[in-house]
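Student: I should like to learn how to read a model of this kind, feature by feature. May we begin with the structure itself?

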Amino acid sequence: MKKVILHCDLNCFFASVEMLHHPELRNIPMAVAGDPDHRHGIILAKNVPAKRKGVKTAETIGEALRKCPELTVLKPDYDSYLYFSEKVRDLYYEYTDRIEPFGIDECWLDISASISYFGSVDRIVKELLYRVKEEIGLTLSIGISFTRVYAKLGSDLAKEDAFCYIDSLDDIKDLPAASLLGVGYHTGEKLKAYGLYTIGDVAKKPLPYLKEILGKWGESLYCYVNGYESAPIPKYREQIEEVKSVGNSMTSIRDLQNMEDFKIVLSVLCDSVSARVREKKLFFRTVHLQVRTKKLEIRTMQMRLKENSDLGKDIFNCAVALFEKNCDFSVPFRSIGVSVSSLSYQKDGLQTSLFEKEGYSLKQKKEETAIDTIRKRFGRFSVSSLRVLEDSGLSSFIPRNDKENV
Amino acid sequence: MSIRYVDVICRFSKDGIIKPLYLIWEQNQKIPIIKVTEVCPRSSLQAGYTGLRYTCIFEGNRIRHLFYDRGKWYVETR
């Protein structure tokens, strides 16, 4: 029996939640955007009137206001979004226990086993649409198919508050290859260079061919396009959450002009990342640094440590070394991100290096753990390094748990 | 249509059920709620609310909806 997988996508989620609380904004152009004072000023979501005026997600507030001067811009309220996201998932849970969240507003539901109980797929889908609208006040697009990727395509094709069936490859073969999940700008261009414009074109190619042009990713793409999928959708709330990396990033309030500025922001980020790693009792081996210049060019670098560590000082030194080796200040930087990976638990003591003089420092560990304890009791700013105090404007942000790849 | 937050006197039962007993209206007027006939999750796109809707019967068989969402009570107003 073929599986039945739904992809449920809440329509312009952030904007819908805001409109729920402010119904007067329903008929005027409105967008939710990051904080312009802190330069996170990009559009996160917009409503239908704003969309008609040409406002796009991920453009800056300035660009959006040029297209649509009467645009009402609201600040995001993440707590409220999480609350509604959870509420919608609880509603899904009444229909199936196999739910896989994909971001805050999207979910895959495997309803294969519930169909006989509820009667038909149609009935489940219509009931979901009705109940989410009536009980929660949001609208959904639902894609229905037999794999995740096809279902996602279906929900992209479906209009607001509607659903779309995709029964076979024939239904989607004329869509551009870039509309597939996982095919971004670069892969799309690469496929175009080989004359593969539509999903149908890609589906005609054999596996070795795709592997040849895209490497390992070609294999996944082959499965995606042809509707082969083996991994079942896990049971909701029983998914094993294995953390693969921990990181923080920050767009600073002003551009970083020199090494001092860079170190100030970096030390706050490193403090936060290492504290989170220690909280989870993990150790890392690899440090990643991502910088974005004023021209919005992104550069990422990584370095492997000689031994495992959980110290902020090690992240800091590593990031500085990476930066000095690869970057200069010819173009100022607007944001920095630090993350650590190759995580491991070490319950049975720590293997230190025999040959390195400056290895893992237990003294440093004591120091940083003490700081963690003080901050937990008296707040984030109760104790900081001298460097951070030099420019309180740059360092006065609190890194959130914004990046934790599972 | 819009909403108006109101004060409500409730009884929290040991089973975790919240039952509204009195609605506090203008000039601290305490209006008794005779009976709650239905509780269900509801939202209204026009008025801008979402939460649990309590269908309440007041004195004189007047029926009104009370809404409860994240610790606050409100009513619809014209």
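Student: Which residues of α14(A) are buried?

Tutor: An α-helix has 3.6 residues a turn, so residues three or four places apart point the same way. In this predicted model, the buried residues of α14(A) include A:Q364, A:E368, A:D372 and A:R375. They cover an arc of only 80° around the axis, which puts them on the same side of α14(A).

Student: What covers the buried residues of α14(A), and which exposed residues does the face turned away from the buried side carry?

Tutor: The cover includes two helices of chain A, α12 (259–279) and α13 (312–326). On the face turned away from the buried side are the exposed residues A:L362, A:K363, A:K366, A:R377 and A:F378.

Student: What span should the 17 residues of helix α14 of chain A have?

Tutor: At 1.5 Å a residue, helix α14 (residues 362–378) of chain A should span 24 Å, and its end C-alpha atoms are 24 Å apart, which agrees. Just after α14(A), A:G379 adopts a positive phi of about 105°.

Student: Let us turn to sheets. What is the order of the strands in the open sheet of three strands?

Tutor: Strands of a sheet pair through backbone hydrogen bonds, either parallel or antiparallel. Here the order is β3-β2-β4 (chain A), and the pairing is mixed. The edges are taken by β3 (43–46) and β4 (72–74) of chain A; each has a single partner strand, so one side of each is left without a neighbour in the sheet. From one strand to the next, the twist averages 30°.

Student: How many bridges join strand β2 of chain A to β4(A), and which helix packs on the sheet?

Tutor: Three bridges join β2 (residues 30–33) of chain A to β4(A), and the two run parallel. Within chain A, A:A31 stands opposite A:V73 in β4(A). Helix α1 (residues 13–21) of chain A packs on the sheet and touches β2, β3 and β4 of chain A; its direction makes about 115° with that of β2(A).

Student: Which residues have the most contacts inside the largest nonpolar core?

Tutor: In soluble globular proteins, nonpolar side chains tend to be buried together. The largest nonpolar core has 39 residues, and those with the most contacts inside it are A:L6, A:Y92, A:L109, A:L128, A:L138 and A:I142. With seven residues, α6(A) gives the most to this core. Not counting residues up to four places away in sequence, A:L128 touches A:L6, A:C8, A:L91, A:Y92, A:Y95, A:L109, A:L140 and A:I142. A second, separate core has 36 residues, among them A:L256, A:V268, A:V291 and A:C318.

How values were computed:
Residues numbered from 1 in each chain as written. Chains lettered and ligands numbered in written order. Predicted model: local features only at pLDDT ≥ 70, side-chain atom pairs only at ≥ 80, totals over all residues. Heavy atoms only, no water. Pairing = 2+ DSSP bridges. Helix = DSSP H or I, 4+ residues; strand = E, 2+ residues; numbered from the N terminus. Axes fitted to C-alpha atoms, helices over the stretch in contact; angles between N-to-C directions. Contact = heavy atoms within 4.5 Å. Expected span 1.5 Å × (residues − 1). Buried < 20%, exposed > 50% of the residue type's maximum accessible area, 1.4 Å probe, protein only. Arc of directions from axis to C-beta. Core = buried A, V, L, I, M, F, W, Y, C linked by side-chain atoms within 4.5 Å.
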